Every structure is written in C-alpha cells, then in structure tokens.
Amino acid sequence: MRYGPMLVCTKCGERYDLSSPIQRCPRCGEPLQLDFARGSVRKGRSVWSRFGDFYPDVHLNMDYSMGEGDTPLLFSRRISRKLGNDIYLKNESQNPTWSFKDRGTFVALNRAISLGFEKIGVVSTGNMAASVSAYGARAGLETYVLLHSDTSMDRMAQISVYGSKVILVEGDYGTLYYESIGIGTRDGIYFMNSDDPFRVEGYKSIAFEIGETVETDYVVIPTSSGGLLRGIMKGFEELRNSGIIDRIPVPVAVQAEGCAPICRAFHNGTQVERFDEPRTIAHAISNPYPPSGNEVLRLLKRYGGTCISVSDEDIINAQMDLAHEGIFVQPASATVLAAVTHLKVRGKKIVLVLTGSGLKAKMEYHGLIYQCELKDLERLLEVIKNES
Ligand SMILES: *Cc1c(COP(=O)(O)O)cnc(C)c1O
Ligand SMILES: [Zn+2]
C-alpha cells in the first residue's frame with residue numbers, strides 16, 4: 001500500500017509515484033492524471049491563490065507567473081437573444097500569450113522546475129509553442145520547440161521571438177509527440193506536451209473561474225488533443241466534490257468537420273482512430289490522432305455530453321459574429337459558437353470557451369476597408385452612412 005500524492009491512469013486506474021516524470025500509463029498507454037484534490041476557496045487576487053487548495057502537489061512559484069488566468073466571463077445579450085439561451089463567453093484571448101495554453105504552461109513549468117529540470121520543451125505548431133517559449137524565457141530555462149517542417153513563417157516568428165531553440169522536424173507529427181517524451185527523459189528536457197498531467201492541472205483553473213461566477217448548464221469546448229476538456233472537467237469535478245458547486249455542467253466537445261477523430265469515434269461508438277488527411281482552417285484543433293481522445297470519450301459518456309463537428313464556413317461566420325460582439329478569436333475558438341445551434345436546447349446557461357486570439361492566425365476573411373484622401377473624408381462618411 002502506498003500513500004501520498006499519486007499519478008493515476010485515467011483508464012485502468014493503476015497508480016504511480018509522483019516523483020517520476022511519467023506522463024502516460026506504462027501498462028495501458030492511456031494518459032495519467034493527478035489524484036482529485038479537495039478544498040475551499042480562499043481570499044486572494046489570483047486564481048492560483050484563491051484555489052491554492054486544489055494544487056497540493058506542485059509548488060506554484062509566482063515569480064514565473066505572467067498574470068495568466070482570471071480572464072473575463074462576459075454575458076452576451078445579443079447572442080443570447082439570437083440563440084434563445086443565456087450565452088457566456090470565457091475570453092481566454094486575454095492571457096499573456098493570447099491563449100489558454102498559458103495556464104497549463106505555468107503549472108507544468110513549476111512541475112519541471114520542482115523535478116530539477118533546467119531544460120523544457122514542447123511539440124506544437126502554434127499556441128502552445130509560443131506559450132512555452134515565453135514562459136521558458138521568463139524562468140530563464142533553455143527551451144526547445146519541435147515544429148513540423150511545414151509550419152508557416154508567420155507562426156515561426158511568433159514562437160522564435162522569445163529566444164527558444166526552434167527545430168523543424170520532418171516526419172509524422174503524431175509519432176513525434178510520443179518520441180519526444182522518451183527523448184526528453186534521456187536528454188534532461190521536460191516536454192510539457194498537450195495533455196501532460198500538470199498542463200491539465202493548469203486548465204482546471206478555467207472551471208474554477210466559471211464556477212465562481214455562474215452555475216452553467218453546459219460548457220462548450222474546442223477540442224484537439226483533449227487536454228483542455230480534461231482539465232475543465234477535472235476542475236468542475238473537484239468543485240463538486242468540495243461542495244462549492246452542486247452539479248457538473250454537461251460538456252460539449254467541438255471539432256472541425258475536416259478533422260474530427262473524437263466526434264467520429266463518439267458517434268460510431270468506437271475508440272479514437274487516426275483521422276486521415278485533416279483539412280480545416282481551425283489549425284489549432286487539427287490534431288488527427290488526439291492523445292487524450294479516449295479519455296475525452298469517457299468524460300463525455302460520464303457527464304452526458306456530446307461531440308459536435310462544424311464546417312469551415314460556419315466557423316468563419318461564427319468568427320465574424322463574435323467579432324461583431326467585440327471579441328476577435330481565432331477560427332479554432334469560433335467553433336464553439338457555431339456548435340451551439342446544433343445543441344438544440346433553449347433557456348439554458350451555456351459557457352463558450354473562447355480559447356485564443358484572432359490576431360494569431362491569418363485572417364481568412366476581413367471586413368470592408370475604405371480609403372480616401374483627407375479632403376474627401378466627409379463625403380465618404382456620407383456615402384458609408386447611406387450604405388448601412
Ligand atoms: C490547444 C488549443 C485548443 C485545444 O486544446 P486541446 O487541449 O489540444 O484539446 C483549442 N483552441 C485553441 C486556440 C488552442 O490553442
Ligand atoms: Zn493504465
């Protein structure tokens with residue numbers, strides 16, 4: 001019999017000592033997670049201090065924080081009226097590197113440092129690479145980012161600016177995820193990939209902030225690797241187990257039609273299988289073989305949730321709709337608004353998790369832009385006024 005904090009397999013329940021840096025179950029290959037935490041909400045400015053009870057197994061050194069979390073939860077009157085539900089927008093674009101990935105990076109970085117690592121790394125093409133690069137810089141660690149060789153220059157610029165070592169790797173991206181963990185163990189690099197158990201711990205804080213504010217019926221989550229959905233649901237579970245909320249909201253996983261391995265498995269009642277030739281404008285959620293996909297399926301089943309896939313056209317429309325509400329998100333994040341109409345519910349409280357900023361992605365569409373000389377400005381204003 002072993003006591004103390006443990007890593008537990010999400011599938012077979014096997015328990016592993018927390019002192020070893022393993023991220024997946026050596027017995028069945030499924031992802032590991034920390035034991036459920038319990039506690040109460042304390043007074044404090046940051047989510048990390050208010051919910052400190054829920055992080056008993058990792059020392060969160062605030063010197064490495066850049067103010068991640070504590071993002072706005074906005075009620076949208078216009079979208080609510082249009083959809084016949086109370087729609088709340090959790091605006092994660094307000095994080096230090098403009099996506100929710102910062103919450104997970106902050107906790108995983110503390111984990112890496114507490115294990116004595118001086119090098120960190122990540123396999124990612126976008127938001128997570130930028131996030132790990134920034135936090136690695138902040139903590140003064142050597143940071144390795146493994147990108148697929150077809151990553152665009154735009155995105156490379158946003159990642160490399162922080163001074164991390166960016167390596168373009170030829171070969172299968174899914175395989176790289178698994179290989180990197182082994183390589184990291186041999187070379188002393190802590191790879192904090194998409195569904196690292198401590199990254200998932202960081203994502204719990206989104207549920208904490210929602211739970212403090214609104215008792216929601218649904219939480220709608222763009223889903224790729226599955227780490228985000230796992231974190232949010234673990235957070236709600238811990239709040240319920242601690243008596244802070246009464247019930248756990250129904251999770252809705254959202255994917256793009258052009259890359260929907262989890263939705264396909266959900267509707268066919270199978271395990272997650274690789275999605276061939278992914279093709280969508282929602283790049284940030286286009287993992288064709290999600291490492292936490294099966295755990296997402298288990299969570300959807302446990303909490304009566306569902307998986308909804310949406311078309312690129314609907315994504316672009318939803319992106320514009322949100323922009324007209326004052327919030328510019330990337331296509332991956334706009335999927336959640338596109339998905340609500342497919343939910344077919346009325347009069348419910350629904351939180352949409354807007355995962356990342358639109359300024360990160362290349363725009364596929366933008367509004368009309370006018371141009372004129374100064375002397376013609378008033379005439380142009382007249383014309384525009386009459387147009388609308
Ligand atoms: C990473 C990411 C997601 C999906 O998160 P997973 O943990 O991979 O499921 C959704 N939206 C954006 C903008 C992301 O960067
Ligand atoms: Zn297992």
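Analyst: By class, the shell around ligand 1 consists of five nonpolar, ten polar and one charged residues. Here Ala, Val, Leu, Ile, Met, Phe, Trp, Tyr, Cys and Pro count as nonpolar, Asp, Glu, Lys and Arg as charged, and the others, Gly among them, as polar. The model is predicted, so local features need pLDDT of at least 70 and side-chain atom pairs pLDDT 80 or more, while totals for chains, interfaces and linings use all residues. Residues are numbered from 1 along each chain as written, chains are lettered from A and ligands numbered from 1 in written order, and side-chain values use heavy atoms, without hydrogens and water.

Of the 16 residues around ligand 1 (a heavy atom within 4 Å), those that come nearest are Lys101, Asn127, Ser224, Ser225 and Thr355. Serine 224 has a backbone N or O atom 2.8 Å from an oxygen atom of ligand 1. Serine 225 uses its side chain instead: an N or O atom there is 2.8 Å from an oxygen atom of ligand 1. For glycine 226, a backbone N or O atom lies 2.9 Å from an oxygen atom of ligand 1. On its own, ligand 1 has 380 Å² of accessible area (Shrake-Rupley method, 1.4 Å probe), and the protein covers 97% of that area.

The next feature is a covalent link. One disulfide (cysteine sulfur atoms within 2.5 Å) turns up in a search of the whole structure. The partners are cysteine 263 and cysteine 307, with an S to S distance of 2.2 Å. The torsion about their S-S bond is about -75°, so the disulfide is left-handed. Cysteine 263 belongs to helix H9 (residues 261-268) and cysteine 307 to strand E12 (residues 306-310), so the pair links distant parts of the chain, 44 residues apart.

The whole structure has two cavities of 30 Å³ or more; on a 1 Å grid over protein atoms alone, a 1.4 Å probe fits in a cavity but cannot get out, and lining residues have an atom within 4 Å of a point. The largest cavity holds about 70 Å³ of space. Its lining includes Pro21, Phe117, Ile181 and Tyr190, and helix H6 (173-187) and strand E9 (189-191) each supply at least two lining residues. That lining has six nonpolar, three polar and no charged residues. The second largest cavity holds about 40 Å³, and Glu215 and Arg247 are among its lining residues.

Methods:
A polar contact is a pair of N or O atoms within 3.5 Å; within protein, one must be able to donate a hydrogen and the other to accept it, and residues adjacent in sequence count only if both atoms are side-chain atoms. Helices (H or I, at least four residues) and strands (E, at least two) are DSSP runs, numbered from the N terminus. On a 1 Å grid over the protein atoms alone, a cavity is a set of points where a 1.4 Å probe fits but cannot get out, and a pocket is an open set with protein on both sides within 12 Å along at least five of seven lines; lining residues have an atom within 4 Å of a point. Grid points are joined across faces, edges and corners, and a volume is the space filled by probe spheres set on the points.
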